Amino acid sequence: MPIELVFVIGIVVLLFLCLKVKANAFMALLATALIMGLLSGMGGVGTIKAITSGFAKTVQSIGIVIIFGILLGNYLDAAKGTNRMAIDAVRLVGQKRASLAMAITGYLVSIPVFSDAACVILAPLVKAIHRKTHIPLAVLAVSLSGGLLATHVYVPPTPGPLAAAGLLGIDIGQAIMWGAFAAVFMTAAGWIFAETYLRSRPESYYHFQPDAEKEEEAVFDDNTDDLPGTLASLVPLVVPLLLIVGNTTAAMMLPKKHPILAVTSFIGDANVALAIGSLLAIVTLGKRMGGEKVLKIMDATLKDAGPIVFITSAGGALGAVLKASGAGASLAQMVINTGLPFILIPFVISGLLKIVQGSGTVAVTTAATLCAPIASSLGLNPILIFLASGAGARSCCHVNDSYFWVYTNCMGFDMKTGLKTLSLGNIFMALGGLLATYVASIWL
């Protein structure tokens, strides 16, 4: 059977299992890998070997990193370190520019904390600032979402970009640097949309849920007596990122046998760096949480991280099958024949997956998996796939995305207003990410 047809059948099977059957993404990815391997002529033994090999390599590269990344985020959340970041951002730029403060806060907080959880945590602060400054609630909420959703798809150790980096064979330090770069464009696009378009809408443009206005009014309180210090909140997040990026930088600038590399390659390894970050969180914030809660968070983290590791590794299994079957070379030729710029391919694939099935993490991971062999065959830098996939994964946040309902319920908007604010803003965010990908392609 032609490999192009096998690829199309695989995509149809994957979407059918996820959308129609409502199968778990882990099972759907493994089933798709098995079907594509058998249809491509790899045989049963060869297909299973590719699946297990791809699964094992992915677990090896990102399994521990995902666990410690989620653990770090859970500690910051439990100790209210995220609230400290938000209030500091407001103080930095002033209440009149509170929408910019929300964008900055979202950008930082969503690196260690899932965007859904971060929105729930920060929603009361957004409402309080709205009542204090009279800035339209949607302007603040979409600005916050711009930052939250940008680093959610771009900056490790968030699981989606971390998985994409592992599947594409990208050094995690480079993924952080380029992802942070692209996330600035994406965040800025969301903030500009909120400030220019939403700021000028009349009050009648926004509609709230019937019981939304019955909530007790929140008051903006910048009293930080009940919050951890700025340094204590930032150190567990910043130190591991600096260690990872420092390792990447040292490897690029120093000779291979330089003695400093023995140190940087150890402490800058993503597994070790995030373990250090988690330990720093216990040291700086542990007293606020208490020893019992520290241990409970560890147990809860393993439950949270397990499904993510499994789904990501199943994506690695599918990628291994695509590579072993020769799909990469064939698809690369198809791309050349279309005449389309290559960066649009992962952007479109990720965008369609996001629109259809709702999960940005699944979209960016699957797009990276499908496009990795194409980039290898064309000799292109995989970072471009990484950035374009992340841009596509922000193409539209609507009713099949859990964040959409978190956003509307936390802010009190009805569904129509959610579509007119968050969903519309996501289109501009995706274009911001695509622009960042184009800028990056000039140097890569």
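Tutor: One term before we start: contact, or touching, means heavy atoms within 4.5 Å.
Student: Fine. What does threonine 365 touch, leaving out residues up to four places away in sequence?
Tutor: Threonine 365 touches Gly160, Ala163 and Leu167. Its place is in helix α16, residues 360–378. Helices here are DSSP runs of H or I with at least four residues, strands are E runs of at least two, and both are numbered from the N terminus.
Student: Is threonine 365 buried or exposed?
Tutor: Threonine 365 is buried, at a relative accessible area of 7%. Buried means under 20% relative accessible area, exposed over 50%, and partly exposed in between, with a 1.4 Å probe and protein chains only.
Student: Before I go on, where do these coordinates come from?
Tutor: This is a predicted model, so local features need pLDDT of at least 70 and side-chain atom pairs count only at pLDDT 80 or more, while totals for chains, interfaces and linings use all residues. Residues are numbered from 1 along each chain as its sequence is written, and side-chain values use heavy atoms, with hydrogens and water left out.
Student: What's the average pLDDT?
Tutor: The protein averages 85, and 93% of the residues score at least 70. pLDDT is the predictor's confidence in each residue, from 0 to 100.
Student: Which element has the lowest mean pLDDT?
Tutor: Helix α14 (residues 327–338), with a mean of 60, whereas helix α9 (residues 172–196) has the highest, 96. Where pLDDT is low, the predicted coordinates should not be read in detail.
Student: Switching topic: how many helices and strands are there?
Tutor: The protein has 19 helices and zero strands. Its radius of gyration is 22 Å, close to the 22 Å that the globule rule gives for 444 residues, so it is as compact as a globular protein of that length. That radius is taken over C-alpha atoms, and the rule is 2.2 Å times the number of residues to the power 0.38.
Student: And what share of the 444 residues is buried?
Tutor: Buried residues make up 54% of them.
Student: Now asparagine 426. Where is its place?
Tutor: Asparagine 426 is in helix α19, residues 415–443. It is buried, with a relative accessible area of 0%.
Student: What does asparagine 426 touch?
Tutor: Not counting residues up to four places away in sequence, asparagine 426 touches Leu149, Arg394, Ser395, Cys396 and Cys397.
Student: How far is asparagine 426 from methionine 186?
Tutor: They are 240 residues apart in sequence, yet 9.1 Å apart in space, C-alpha to C-alpha.
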